[in-house]
Amino acid sequence: MSQTWWRGAAIYQVYLRSFADGNGDGIGDLAGLRSRLTYLKDLGVDAIWLNPWYPSPMADGGYDVADYRDIEPVFGTLEEAEAFIAEAHELDIKVIIDVVPNHSSTESAWFKEALADRRARDRFWFRDEPDNDWRSIFGGPAWTQVADGQWYLHLFAPEQPDFNWDNPDVHREFEDVLRFWFDRGVDGFRIDSAALLFKSADGYEDLDGVHDVYRRWREVADEYGGRVLIGEVWLPDQERFARYLRPDELHTAFNFDFLSCPWEPAALRRVIDLTLATHTPIGAPPTWVLSNHDVTRPVTRYGRADTAFEHGGRLHGAPSDLELGYRRARAAALLAMALPGSVYVYQGEELGLPEVEDLPDEVRQDPMYARSGGTNPGRDGCRVPLPWSGDGPPFGFGPVPRTDAEAGAAAPWLPQPESWRKLTAEAQAGDLGSMLNLYRSGLALRRDLLGDGTLTWLPSAADVLAFTRDSGLACVTNLGRTPAPLPPGRVVLSSGPLDEGELPPDTTAWVLPPGSEA
Ligand code: GLC
Ligand code: CA
């Protein structure tokens, strides 16, 4: 694969705890992932991005990192991680891991040292009194007091103390961590909370210092070649966002405007145009993201009256027409895959999983839930372990039992709905009309005909999005209420059946022009 493989890649997000459990303790792990690598190969992805796999007390699903140079024992060992990287590479799949530079864990060596010795506190934000009245992004105060009376800052949970990026140790440490994993063959990093590192009296979002950090990281990545830095940058201001993607900074960043966008033609067209206008002048490829481990699953979201996503208002429990949501999620998947740049698939999207909204309160683990006093249900509903096979929970999430002891395997760490029996990978594999096969076909065609490049809008009704790509393939999405005409040519894939040659509402079709070979 070329050095710029990431420009048009299809990247599959693995939330390791919920992907596949190799040892039967109810928690996904590296053994489980390794046993399912051919599934990802058959799905047709170019790269895997894994959420944090480091040793962690799991106060925030692994985003509280105790040691950046090892693997969480529940997930496996460093040797297994290396074997996994080698096996993925063998299948021509790149490996991207998460790095969490804004904060650490209260169980990290540095934080323990800081607690034991006041002179070792400058790598974090310790103060005699809180400097401000900031609130934690998960709810509650952003400052916590330690036994000797000082306070430390944590933008997220109290178990996640923020680093002080004015301290040179922190810079050195992270450059070294990047090298540690690049040396082990990792192809890139997804940078958690990438815009939040610096703090000042004015706030913490998008302060200028971050750009020097990423310029330095880019130099490190460039020493290795073919590696990618991907920013988690939630910034509404496109000009500020684009600064992260200057040629000597990050390679790409998640398109959260697209993810948050309602299923409405004018809004979608505006987001696509704005995305292209932001990226094209700086030569950075856009990314197209519908979902991840922090947001409501698209099938549920698109079936609601309000189809937008907002962190503050998750609309948990709002009535959802799941059939409508499913149809739209299929149409959205083909739209996202057809747009120029790279595309992300969050595990379970390819199975059409809905958000699990009826988890019992006592099983919820997201700190958002507890810290909001239960008013925000949090993100557990999009993190329920995947259904692989069989007629009932655990749906093949754990290993196939070979002994009686194994048959007593622990239940998945979050309960799966009974109704998922229709959504297992096994049930969908043989059904040509399934979501899984839509993703497989879409990703296969995308490999040859789509990905990096440019887009040209075709004339269409206002509630239809129609464009062609460099290969000549046209993508048409009907967001209106009546069937829409398709351009002449051969329909190579559609998210639902056509209606006498026309495209029904909430459907996307890919059309190759007459006479083309592909
Ligand atoms: C990012 C992650 C999220 C995590 C937070 C704190 O937003 O995606 O899951 O809770 O950062 O690390
Ligand atoms: Ca396990």
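1. The largest cavity holds about 70 Å³ of space. A cavity is a set of points on a 1 Å grid over the protein atoms alone where a 1.4 Å probe fits but cannot get out. Grid points are joined across faces, edges and corners, and a volume is the space filled by probe spheres set on the points. The model is predicted: local features need pLDDT of at least 70, side-chain atom pairs count only at pLDDT 80 or more, and totals for chains, interfaces and linings use all residues. Residues are numbered from 1 along each chain as its sequence is written, chains are lettered from A and ligands numbered from 1 in the order in which they are written, and side-chain values use heavy atoms, with hydrogens and water left out.

2. How many cavities of 30 Å³ or more are there? The count comes to four. Lining residues have an atom within 4 Å of a point. For the largest cavity they include Leu290, Arg297, Glu349, Met435 and Tyr439. Helix 10 (298-301), helix 11 (322-338) and helix 15 (435-449) each give at least two residues to this lining. Helices (H or I, at least four residues) and strands (E, at least two) are DSSP runs, numbered from the N terminus. By class, the lining has eight nonpolar, two polar and two charged residues. Ala, Val, Leu, Ile, Met, Phe, Trp, Tyr, Cys and Pro count as nonpolar, Asp, Glu, Lys and Arg as charged, and the others, Gly among them, as polar.

3. Now the pockets. A pocket is an open set of points with protein on both sides within 12 Å along at least five of seven lines. The largest pocket has a volume of about 720 Å³. It is lined by 37 residues, and Ile137, Phe156, Glu232, Trp234 and His311 are the closest to its centre. Helix 8 supplies the largest share of the lining, three residues. The lining divides into 16 nonpolar, 14 polar and seven charged residues.

4. The second largest pocket contains about 350 Å³ of space. Of its 20 lining residues, Leu322, Tyr326, Gly352, Pro354 and Leu423 are the closest to the centre. Helix 11 gives the most to this lining, with three residues. Nine of the lining residues are nonpolar, five polar and six charged.

5. Helix 9 (residues 265-279) has 15 residues. From first C-alpha to last it reaches 21 Å, close to the 21 Å expected at 1.5 Å a residue. The expected span is 1.5 Å times one less than the number of residues.

6. An open sheet of eight strands runs in the order 9-8-7-3-2-1-11-10, with parallel pairing. Strand 9 (252-253) and strand 10 stand at the edges with a single partner strand each, so one side of each has no neighbour in the sheet. Two strands pair if DSSP finds at least two bridges between them. Four bridges join strand 1 (residues 10-14) to strand 11 (residues 342-346). Gln13 stands opposite Tyr346 in strand 11.

7. Another open sheet has three strands in the order 4-6-5, with antiparallel pairing. Strand 4 (126-127) and strand 5 (143-145) are its edge strands. Two bridges link strand 4 to strand 6 (residues 151-153). Phe126 stands opposite Tyr152 in strand 6.
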